[in-house]
There are 2 protein chains.
Amino acid sequence: MEVEEQLTKLKELLNEIEDIKNAVNLLSWDQQTQMPPGGANDRGYQVSTLSGLAHQKFTSPEIGQLLQDLKPYSEQVDPDSNDARLIKVCSREFEKFSRVPTDLVAEIAQVTSEAYGVWEEARSESNFSKFQPYLAKIISLRRQYAECFPYDHIYDPLLDYYEPGLKTVEVQQIFKILRSKQVEIIQAIGESQQVDDSFLKQEFDENKQWEFGVKVISQFGYDWKRGRQDKSTHPFTIRLGHGDVRITTRVFPDNVTSALFSSTHECGHALYEQGIDPALNRTPLGEGASYALHESQSRLYENLISRSRDFWIHFYPKLQETFPAQLGNIDLETFYKGINRVQPSLVRVEADEATYNLHIMVRLEMEIALMEGSLEVADLPDAWNARMQDYLGVSPPDDRLGVLQDVHWSSGYFGYFPTYALGNLIASQIWERLKIDMPDLTSQIRSGQFGELREWLRLNIHQHGMKFDPQEIVERVTGSKVDPSAYLRYLEDKYTEIYAF
Amino acid sequence: MEVEEQLTKLKELLNEIEDIKNAVNLLSWDQQTQMPPGGANDRGYQVSTLSGLAHQKFTSPEIGQLLQDLKPYSEQVDPDSNDARLIKVCSREFEKFSRVPTDLVAEIAQVTSEAYGVWEEARSESNFSKFQPYLAKIISLRRQYAECFPYDHIYDPLLDYYEPGLKTVEVQQIFKILRSKQVEIIQAIGESQQVDDSFLKQEFDENKQWEFGVKVISQFGYDWKRGRQDKSTHPFTIRLGHGDVRITTRVFPDNVTSALFSSTHECGHALYEQGIDPALNRTPLGEGASYALHESQSRLYENLISRSRDFWIHFYPKLQETFPAQLGNIDLETFYKGINRVQPSLVRVEADEATYNLHIMVRLEMEIALMEGSLEVADLPDAWNARMQDYLGVSPPDDRLGVLQDVHWSSGYFGYFPTYALGNLIASQIWERLKIDMPDLTSQIRSGQFGELREWLRLNIHQHGMKFDPQEIVERVTGSKVDPSAYLRYLEDKYTEIYAF
């Protein structure tokens, strides 16, 4: 075959695999938002069959041969061209995926699909023992997965799945720096006068909350012609193609900001996916570069924007109009401090920015210990509760608010949690760069203008999809590797001002 | 391989194919009920890729070999056993599908998936020329499909797809008998005093209509734990597995029965699918035996039940309570006659029982002419309008209410329409048998009890899925082949009484 023919053939095969993976995404979206309970059993089979098929097709000898044959070509052309990058990224992924037997991939998909329903039940009943055998099975499968790779630490291959190249020891170092500094900040806050947030805990009409969130993310630039928002137990963003990037949220009637911050968070993810160059669609390059980089975008919109005073200078009068009885007498400054109140608490997704990373540390330690085998699954709830007490000074009254709170483990996502914390760090690094490039960013946000911001992110980050490695993008944009200092500066500045310490 | 091993292998392969087909069903359901417009392009690729994959897998040499090897075994065991029937049905389908190249199947899926969106637009704009090139392409692909088979008439292979063994000439004969008799009845009605149905055309709250329909189909026995109802342009039922059989409807605020009859119609389809023996799930036997038999179930619930006086003896007081301002002063008899008013009209799905089959005849003639090539696609709207005038004495003012009204052609469903009329005939045949087996059927319906009826249908028809041929099931249940006489008796009895001729 000629090079051109080989390239066309490779793309055809990759296109089909992307189609299958997008169908899996739809199966998953539907399962979490629409599916009746009776569908769970068959859905498990469907997800398993299609995931296995995508894996089998991607690791086929045909693709292996094409990638090998095309290697010289990829080294001749512009290394930043779509073709060169496609071959490079696929070769790396091919090498990685080829190590994992198709049967194992299918079994992980099958077990996790079933486990999702079990976790939902176990969580609502606060009954860890119901979930325990599934979790044990998932951990065993994840160990088998890790054993397919050479590693320094058994957790490395899991981390690498979400953040190519990242090592357990690096994450542990970053977290060590974070932990001591964050604990310092929390102590300083604990010694300051607490801010009032009692006004946030009133009755807020669910439909009005939903509508308010819709308005905000519309203003951020979420494209409704290429997406939709639904409700689910655990909010998520999912891509079914360049023209269909969906988000979900959940609404609590007694909390005015929870649904909003969920929506703005998922909107950050969605803007990333919606902003990827359409030329990369239906190829492995047509999605976000990594979980941490993705999380930097969601955190940027959720925290750096939606929890900022500048954002609320524009939106707070509108929120007051929406809920005059509840917020009419609360001034902007009180509201701003209230939504940024620091209070060690039980649930990660409701945690404030100052304590959030400590929740991640608990999970990271649990995951590493479970993978190492130094912690038995049966002992997990006690270990969780003990560590929550150590780091946050709180103790879950039950497993629903403790070890069962997150969907991730039921989905087999081990190695995922650290990316949330890394996302926080990267978001702050990007924010510092943004403020240099857009001197009037603050005044734009204060007047509800988010177009230029979105365009900057699209040009510098979103459009590239997976063409460049996440570290490469972070360095191109911010001038340095992932580094906790920008984040710690941000936290210190923000809370020194709010808590006056 | 041992026989047992071969059988296990065959089932494993068939299970995977069913998983893929169910994923295609979800892609389709989502496209028609949830998908944002931007998703259409990728969705076309996804449906095409997965349909092609299912076809390719089913027609693989591996399955061909297994079926051949298992033939002797299937002839030794009980011919009514699941295994023997599975091998028999799969062998027939294998032979049929093997004739059609995978590329053609994928192209049909791709073109029809795109055409669906175009049809939706063309229909809403009443612009046939927008849809015309897609329809021409679909017809050309359907001709290519037919040419893969030996046939007496080029339309035979299309008919056979929906109703195994049925020939064009047979359908034409049945329709000839129906046409003359139905025209007679319509003439007699035309010479009688018309009944009043003006009270049906008021403003009826959409949510209340929805809720009323939900109550009715719940009483019919639709299992909400294994299904859900959504809105779509064209109502349909879709199976995503034994535990997930979904229906859709559409609600018109100025018509109190349209949504209800759509819901009861789709409920009839869904009860069939929900009633299939779970042991047949994830195999080709785990769905209804044919389109006509399926349609007999939907027609039975929509017409023989939901348009009967007995049904309304129970439900009319409840409908009056739901819409007291609109129906409080309309008595049962007036209402019953009103909903059964015969009036030749433009839209098939809104047609009364006396004129319905004439709509099918128009479509059947168009399809045959288009396939034969005796009618050009460009001339279709005029031919359609002329035939509507001939048979029904009405002429569509635009293509939205004419040739663009149905989704079927955009989906490539040529040969499907006749099954609607055949379904009417079979429903009446089953109904005559039911009244013998359940002497108190009438009183059960009058008291809103539908459990025994559903059980009878489940035992005699539903549970078998595709184990037996449709003709075989009709003969087992009714004692005769598909035959128009029961239907004509039903029509005559019903309308003689309503119109007193």
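**Entry 1: the two domains of chain A**

I started with the domain contact: 36 residues of domain 1 of chain A are in contact with 34 residues of domain 2 of chain A. I noted that this is a predicted model. I then looked up the bounds, and found domain 1 at 3-150 and domain 2 at 168-499. Their C-alpha centres lie 26 Å apart.

Which helices of domain 1 face domain 2 in chain A? I listed helix 1 (3-33), helix 4 (82-98), helix 5 (102-125) and helix 6 (128-147), each supplying at least two residues to that side. Helix 1 of chain A gives the most there, with 11 residues. I also sorted this side of domain 1 by class: 18 residues are nonpolar, 10 are polar and eight are charged.

**Entry 2: helix 4 of chain A**

I took one of these helices and checked its length. Helix 4 of chain A has 17 residues, so at 1.5 Å a residue it should span 24 Å. I found its end C-alpha atoms 23 Å apart, which agrees.

Next I asked which residues of helix 4 of chain A are buried. They are Arg85(A), Leu86(A), Ile87(A), Val89(A), Cys90(A) and Phe94(A). I followed these buried residues to their packing partners, helix 2 (40-58) and helix 3 (61-76) of chain A.

**Entry 3: where chain A meets chain B**

I turned to the two chains. Here 31 residues of chain A are in contact with 31 residues of chain B. On the chain A side, helix 1 and helix 2 are the elements that give two or more residues. Helix 1 of chain A gives the most, with eight residues. By class, I counted 11 nonpolar, 11 polar and nine charged residues on the side of chain A that touches chain B.

**Entry 4: the nonpolar core**

In soluble globular proteins, nonpolar side chains tend to be buried together. I looked up the largest nonpolar core and found 256 residues in it. Those with the most contacts inside this core are Ala23(A), Leu50(A), Ile426(A), Ala23(B), Leu50(B) and Ile426(B).

I picked Ala23(B) from that list. What is Ala23(B) in contact with, leaving aside its neighbours within four places in sequence? I found Ala23(A), Leu27(A), Gln46(A), Leu50(A) and Leu50(B).

**Entry 5: strand 3 of chain B**

I moved to strand 3 (residues 245-249) of chain B. Five of its five residues are buried, so this strand is largely enclosed by the rest of the structure. I checked both faces. Val245(B), Ile247(B) and Thr249(B) are buried on one side, and Arg246(B) and Thr248(B) on the other.

Then I traced its partners. Strand 1 (residues 229-231) of chain B runs parallel to strand 3, joined by three bridges. Strand 2 (residues 237-239) of chain B pairs with strand 3 in the antiparallel sense, also over three bridges. I noted that Ile247(B) stands opposite Gln229(B). Ile247(B) is also the bridge partner of Thr237(B).

The hairpin of strands 2 and 3 of chain B has five residues between the strands. There I found Gly241(B) with a positive phi near 145°.

**Entry 6: Ile368(A)**

Last, I looked up Ile368(A), in helix 15 (residues 353-372) of chain A. Is Ile368(A) buried or exposed? It has 22 other C-beta atoms within 10 Å, and 20 or more make a residue buried, so I recorded Ile368(A) as buried.

Not counting residues up to four places away in sequence, Ile368(A) touches Tyr155(A) and Thr168(A). I also checked Phe414(A), which is 46 residues from Ile368(A) along the chain. Their C-alpha atoms are separated by 9.1 Å.

How values were computed:
Residues numbered from 1 in each chain as written. Chains lettered and ligands numbered in written order. Predicted model: local features only at pLDDT ≥ 70, side-chain atom pairs only at ≥ 80, totals over all residues. Domains from an automatic or database assignment. Contact = placed C-beta atoms within 7 Å. Helix = DSSP H or I, 4+ residues; strand = E, 2+ residues; numbered from the N terminus. Nonpolar A, V, L, I, M, F, W, Y, C, P; charged D, E, K, R; others polar. Expected span 1.5 Å × (residues − 1). Buried ≥ 20, exposed ≤ 12 C-beta atoms within 10 Å, placed from the backbone. Core = buried A, V, L, I, M, F, W, Y, C linked by C-beta atoms within 7 Å. Pairing = 2+ DSSP bridges.
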